[in-house]
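User: Please take a close look at the interface between the two chains. What holds the two sides together, and which elements take part?

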Protein chains: 2
Amino acid sequence: MNEIKIFSPATVANVSCGFDVLGFCLDAIGDEMVVRKTKEKGIKITKIEGYDLPFEAEKNVAGVSALALIGHANPDCGFEIEIYKNIKPGSGIGSSSASAAGSVFAINELLGKPYNKTQLTNFAMKGEALASGSEHADNLAPGIFGGFTLVKSTVPLEILELPTPSQLYVTIIHPQIEIKTSEARAILPKEIPLKDAITQWANVGSLVHALHTNDYNLIQRSLQDVIVEPYRKSLIPYFEDVKSSALKIGALGCGISGSGPSIFVLTKGKQKAKDVEEAIKTVYSKTDIEFYTFTSAINTEGIKII
Amino acid sequence: MNEIKIFSPATVANVSCGFDVLGFCLDAIGDEMVVRKTKEKGIKITKIEGYDLPFEAEKNVAGVSALALIGHANPDCGFEIEIYKNIKPGSGIGSSSASAAGSVFAINELLGKPYNKTQLTNFAMKGEALASGSEHADNLAPGIFGGFTLVKSTVPLEILELPTPSQLYVTIIHPQIEIKTSEARAILPKEIPLKDAITQWANVGSLVHALHTNDYNLIQRSLQDVIVEPYRKSLIPYFEDVKSSALKIGALGCGISGSGPSIFVLTKGKQKAKDVEEAIKTVYSKTDIEFYTFTSAINTEGIKII
């Protein structure tokens, strides 16, 4: 196999209580990438469609993660990468992560799969670091593994695959404002009250238990964030209105996707997700902020060959 | 039924990463209580053997929790309670909790079980508050529900029953020093670094996942406490020596039981637990501190009629 085309999905990181550790994978939206072997060694990005991103491999997250992989594998060929970007950079649903993960997934396939998913995540973290300034795996892991993931630790990297209840759907609204990841990080306190931390880890434990037991009501009671959301919600206009409109019609939970500005809503069942989509559209339609929405199943497969 | 005899087991709260929320139940040691109906209304404690504790119901944790229950149930009888205490008060393995839970469990049985386990825990929290100064359920829940429990929240009280891997054993060493719960609380900072809190909730999520998947290696990697143990271990002489001797021979984890001074060690298999018991005995035998040790299976039943 000399050429491969893949779909690298959008992802939601943090998931309310699970700041920096939890994430899940979407299937309604994702980037496509074509990667092919070249005689010339190294990584070349030959095409980028959709959004304006750097072509130099060292300045492109897909390039940086690919370079990390081939730096380790030292193959006797190189690779050229075409990126068909559908996930808007800066939207908060893992745009950089999809690029970083997609290139290493594809190259691994072309090399005959010498690396496992955790190793691929490790390479992709180099690309992710270019975008966010630090090596995070909370978007990468759900993209590479699919479903719900928990990044137990980053050094050493350990990723746990959590079960995904089959009726879980997600609705995303992306208000088209810019929030820099660095700004979203800077707004957080370095120290937090112990009592709030206890509430948070009770909710993390509870959410993991709820995913294992298919308990949608418990998922609902666990999707609380007393640490990060109180700070970051100020960066997203009408966040509280979106949240209350979604919860009012029976959503399981609503929170900031990654560092925003996208907002995610989890629901039980596709129809409820569609109802939520209408409700939150109504909220933003009354504002002068551009936005788009979509509804998706949870993608349990992750990145795939198409 | 006018009289009942029950066994109210010792419990381990916190369980390393799960400060204030996780706990599990032992079966090797526990209090016995006899409770019988009386014509005269109210609660009378008629016998206390084992340790010197107050007979006045309002000053005894078993009495206070029993009063909370009958204050709600308003039965047309009263109850007298005999307490045969085996769990040493102040040992850190839920002595007050066993008394507080035992009396309400027994009275509930004699009344024909009007209350569920969560309601019983709520009544018992009134007794626990007498001992510790605040309403905690992290020792009560494993005693009343059995096995591993997660106190998702105290207001409203919500307790989750986690699965218990069948080969899990625990070894306890109780160095006979006094640590006041208030002192153990005061030593903790009110604020903690966000990055440590993230590590902790990753471990809580990971431990819950490990219990669901019977993954002993993951249990081992999850039993880390970066928040509380670094402070409290200074209150327990030779804690680090006990911990390193237990981990060296393959224990899954070792931490402070509740607010100490007892130390718990979790192992896979009974023989390993016995080996650990010998190893940690050796550590304390070299000191001039009195101590005792015991090994126990995890008690999945909780309080029971005997």
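**The A–B interface**

Analyst: In this predicted model, A:Arg221 and B:Glu158 form a salt bridge, their closest N and O atoms 2.4 Å apart. A salt bridge here is a side-chain nitrogen of Lys or Arg within 4 Å of a carboxyl oxygen of Asp or Glu. The rule finds 2 salt bridges across the interface of chain B and chain A.

Polar contacts come next. The interface has 13 residue pairs in polar contact, both residues at pLDDT 80 or more. Such a contact is a pair of N or O atoms within 3.5 Å; within protein, one must be able to donate a hydrogen and the other to accept it, and residues adjacent in sequence count only if both atoms are side-chain atoms.

On the chain B side, the elements giving two or more residues are strands E5 (148-154), E6 (157-162) and E8 (191-193), and helices H6 (194-213) and H7 (216-222). Helices (H or I, at least four residues) and strands (E, at least two) are DSSP runs, numbered from the N terminus. H6(B) gives the most, with 14 residues.

E8 (residues 191-193) of chain A pairs with E8(B) in the antiparallel sense over 3 bridges; pairing requires at least two DSSP bridges. There, A:Pro193 stands opposite B:Glu191.

In total, 36 residues of chain B contact 36 residues of chain A, with heavy atoms within 4.5 Å.

Residues are numbered from 1 along each chain as its sequence is written, and chains are lettered from A in the order in which they are written. Local features need pLDDT of at least 70, while totals for interfaces use all residues, and side-chain values use heavy atoms, without hydrogens and water.
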